[in-house]
Amino acid sequence: MAENTSDPRTLHTGGPFPPQQQDQPGLTDETRPTPDHGESSYVGHGRLEGRRALITGGDSGIGRAVAIAFAREGADVAIVHMTEEQEDADATLEQVRAAGRKGVSLAGDVREESFASDAVSRTRRELGGLDILVLNAAYQHDIDGFESLRTEDMRRVFETNLFGLLYSARAAFPELEAGASIIVTASIQAYNPSPGLIDYAMTKAAQVAFVKALAEEAGPKGIRVNAVAPGPIWTPLIPATGWDAEKLASFGQDTPLGRAGQPAELAGAYVYLASNESSYVSGAVLPVTGGKHL
């Protein structure tokens with residue numbers, strides 16, 4: 001019998017993952033196995049031809065997969081990343097430029113209001129406009145019991161996942177034109193929160209509220225606002241979360257498909273929400289969870 005190359009249980013590497021530990025922000029070169037961002041698999045079909053996109057957290061993981069897919073679909077791409085992630089950002093933009101599109105690197109921290117706002121302005125100057133805003137930058141950390149939740153860690157989670165998102169969206173929104181799309185990277189944690197990620201899960205639930213509220217206001221302007229809710233996806237953020245070897249090895253194994261996902265498996269969801277194929281979709285949360293329900 002011929003091998004089934006479309007079986008979703010075995011289509012991508014999904015663990016168990018070897019012991020490893022990183023500091024935030026996680027880096028691709030230190031992540032084993034290397035996440036699949038679609039470098040050798042994603043094939044574009046011109047669905048975003050001539051569009052201009054800004055992706056926060058676009059240097060690695062889901063952000064890199066989205067940047068590659070957008071470029072191969074015909075979009076120019078600017079990515080926001082931390083200064084420590086410049087090597088990852090350069091590798092992402094190399095893929096964008098190899099697709100024949102313009103790529104822009106914006107190094108800084110979205111927790112800083114002035115930087116987040118300036119990144120939007122610089123994107124418009126460099127790309128000639130902005131049509132797609134992907135709010136993907138995020139921070140999470142493991143908590144060994146609620147009583148051990150440290151204020152400085154909690155503050156970083158909230159400032160990255162909520163303040164940074166709001167700064168970026170607020171700067172972009174007034175000048176977005178009809179046909180523009182805002183896409184938030186939410187999480188299954190918004191609906192099925194883990195105690196060890198309680199502050200992260202709270203921010204993801206708030207992001208869902210943001211999407212639903214802004215979609216109400218943006219709709220009459222012809223602007224769509226949606227979210228993708230990933231399940232367990234293998235990115236540099238995971239070995240930088242602080243989990244022990246046992247938890248890391250089992251990451252994603254409790255999904256109905258029996259494995260963690262790869263960033264490449266998210267790209268199509270973002271392309272769909274950014275393209276005219278989803279012209280009647282707004283205020284929605286699209287799950288990509290390996291079968292876990294929201």
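This section describes selected local features of a predicted model, beginning with a β-α-β unit.

In this predicted model, local features need pLDDT of at least 70 and side-chain atom pairs count only at pLDDT 80 or more, while totals for chains, interfaces and linings use all residues. Residues are numbered from 1 along each chain as its sequence is written, and side-chain values use heavy atoms, with hydrogens and water left out.

Helices (H or I, at least four residues) and strands (E, at least two) are DSSP runs, numbered from the N terminus. β2, α2 and β3 form a right-handed β-α-β unit; a crossover is right-handed if, with the strands pointing away from the viewer, the path from the first strand over the helix to the second runs clockwise. The strands β2 and β3 pair in the parallel sense, over five bridges, where pairing requires that DSSP finds at least two bridges between two strands. Within this pairing, V80 has L106 of β3 as its bridge partner.

Helix α2 spans residues 86–98 and contains 13 residues. From its first C-alpha to its last, α2 reaches 18 Å, close to the 18 Å expected at 1.5 Å a residue; the expected span is 1.5 Å times one less than the number of residues in the helix. The buried residues of α2 are D88, A89, T92, L93 and V96. These residues lie on the same side of α2 because they cover an arc of only 130° around the axis, the arc being that of the directions from the helix axis to the C-beta atoms. Buried here means under 20% relative accessible area, exposed over 50%, and partly exposed in between (1.4 Å probe, protein chains only). Among the elements covering the buried residues of α2 are α1 (61–72), β2 (76–81) and β3 (103–107). The face of α2 turned away from the buried side carries the exposed residues E87, E94 and A98. Just after α2, G100 takes a positive phi of about 85°.

T160 is placed in helix α4 (residues 151–172). T160 counts as buried because its relative accessibility is 9%. The side chain of T160 reaches the backbone oxygen of R156 at 2.9 Å. Not counting residues up to four places away in sequence, T160 touches V110, R111, A137, A138, Y139 and L165, with contact defined as heavy atoms within 4.5 Å.

L237 lies in the loop between β6 (224–230) and α6 (245–249). L237 has a relative accessible area of 19% and is therefore buried. When neighbours within four places in sequence are left aside, L237 is in contact with Q24, A138 and Q140. L237 and Q22 are 215 residues apart in sequence, and their C-alpha atoms are 8.6 Å apart in space.

In helix α7 (residues 264–274), G268 was examined. G268 counts as partly exposed, at 38% relative accessibility. The C-alpha atoms of G268 and T255 are 20 Å apart in space, and the two residues are 13 residues apart in sequence.

Cis peptide bonds were also found. One joins G15 and P16, with omega about 0°, and P16 is in the segment before β1 (52–56). Another joins R32 and P33, with omega about -5°; P33 likewise lies in the segment before β1.

Key: A polar contact is a pair of N or O atoms within 3.5 Å; within protein, one must be able to donate a hydrogen and the other to accept it, and residues adjacent in sequence count only if both atoms are side-chain atoms.
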